[in-house]
Amino acid sequence: ESTHFQLAWCYYFGGEPARALEQSRTTLERFPESLLTWYVLGLSHLSLGQVHEGVTALEKATSLSREPFGLGYLGCAYTLVGRQEDARAILDELLARKAERFVPLKPFILLYTALGDNDRALDALEDAYEQRDPSLLAMTAVPLFAKLRGQPRFEALLARLAAHRRNVWRPAQAHHPGRP
């Protein structure tokens, strides 16, 4: 199952939502309860402008598990079909959970951005950066964040991420005999 849904995610993050959709459908034929595949199916539909199909897929995912990431994706989908109150209800559910136990920042970032609360979205993005949240590494591949482009805080965060990537992913110096 893992290889199948990971391929769908690769297509999705590689900017090929139609191929991700196709791979997701193939995976779900074999593994109909694959939560992560339902996510990529829903997000691929959204990327292709098929918002109602995206909502349906993400509702299926959250019927399998009401884990935070899926709720964040569903809340974003709800905003695309004009269901802001449903998206806010999901945000309220996640905030209530956060008062009791750890909830990752990504769903909050997604929901605040989708709901147009840019200041809270940026606050959560900066918190995620401070916490070294690995989900930020895929941030530039998430179409939703285009809403934040041009905002100084967002651009500064992107610059910090780029500088961090250069430092972390700097290739090792090749060793050449006779050279120090």
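The crossing of helix H1 and helix H2 is left-handed, a crossing being left-handed if the near helix is turned anticlockwise from the far one by less than a right angle, and right-handed if clockwise. This is a predicted model, in which local features need pLDDT of at least 70 and side-chain atom pairs count only at pLDDT 80 or more, while totals for chains, interfaces and linings use all residues. Residues are numbered from 1 along each chain as its sequence is written, and side-chain values use heavy atoms, with hydrogens and water left out. The protein chain has 9 helices and 0 strands; helices (H or I, at least four residues) and strands (E, at least two) are DSSP runs, numbered from the N terminus.

**Chain overview**

- Read from the N terminus, the elements of the protein chain follow the order α-α-α-α-α-α-α-α-α.
- The protein chain has 180 residues, of which 43% count as buried; buried means under 20% relative accessible area, exposed over 50%, and partly exposed in between (1.4 Å probe, protein chains only).
- Among contacts in the protein chain with a separation of 6 or more, 52% are between residues 24 or more positions apart; contact means heavy atoms within 4.5 Å.

**Helices H1 and H2**

- H1 covers residues 2-13 and H2 residues 17-30; the two pack at an angle of about 165°, and their axes are 7 Å apart. Axes are lines fitted to C-alpha atoms, for helices over the stretch in contact, and angles run from 0 to 180 degrees between N-to-C directions.
- H1 and H2 are therefore roughly antiparallel to each other; angles under 35 degrees count as roughly parallel, over 145 as roughly antiparallel, 65 to 115 as roughly perpendicular and the rest as oblique.
- On the H1 side the contact involves His-4, Phe-5, Leu-7, Ala-8, Tyr-11 and Tyr-12, which meet Pro-17, Arg-19, Ala-20, Gln-23, Ser-24, Thr-27 and Arg-30 in H2.
- The contact of H1 with H2 has 7 nonpolar, 4 polar and 2 charged residues. Ala, Val, Leu, Ile, Met, Phe, Trp, Tyr, Cys and Pro count as nonpolar, Asp, Glu, Lys and Arg as charged, and the others, Gly among them, as polar.

- Ser-44 is in helix H3 and counts as buried, with 0% relative accessibility.
- Not counting residues up to four places away in sequence, Ser-44 touches Tyr-12, Pro-17, Ala-20 and Leu-21. Tyr-12 in H1 and Pro-17 and Ala-20 in H2 also take part in the contact of H1 with H2.
- Gln-50 lies in the loop that joins helix H3 (35-47) and helix H4 (51-64). Gln-50 counts as partly exposed, at 28% relative accessibility.
- Apart from neighbours within four places in sequence, Gln-50 is in contact with Leu-21 and His-45.

**Helices H5 and H6**

- Helix H5 (residues 68-80) and helix H6 (residues 84-100) cross at roughly 160°, their axes coming within 7 Å.
- H5 and H6 are therefore roughly antiparallel to each other, and their crossing is left-handed.
- From H5, Pro-68, Leu-71, Leu-74, Gly-75, Tyr-78 and Thr-79 meet Gln-84, Asp-86, Ala-87, Ile-90, Glu-93, Leu-94 and Arg-97 in H6. By class, this contact of H5 with H6 has 7 nonpolar, 3 polar and 3 charged residues.
- Thr-79, in helix H5, counts as buried at 11% relative accessibility.
- Beyond residues up to four places away in sequence, Thr-79 touches Gln-84, Ala-87, Ala-114 and Leu-115.
- Thr-79 and Val-51 are 28 residues apart along the chain, and their C-alpha atoms are separated by 9.9 Å.

- Helix H7 (residues 106-114) packs with helix H8 (residues 118-130) at an angle of about 160°, with 7 Å between their axes.
- H7 and H8 are therefore roughly antiparallel to each other, with a left-handed crossing.
- In H7, Ile-109, Tyr-112 and Thr-113 meet Asn-118, Arg-120, Ala-121, Ala-124, Leu-125 and Ala-128 in H8. The contact of H7 with H8 comprises 6 nonpolar, 2 polar and 1 charged residues.
- Arg-132 is found in the loop between H8 and helix H9 (152-168). Arg-132 is exposed, with a relative accessible area of 61%.
- The phi of Arg-132 is near 55°, a positive value in a residue other than glycine.
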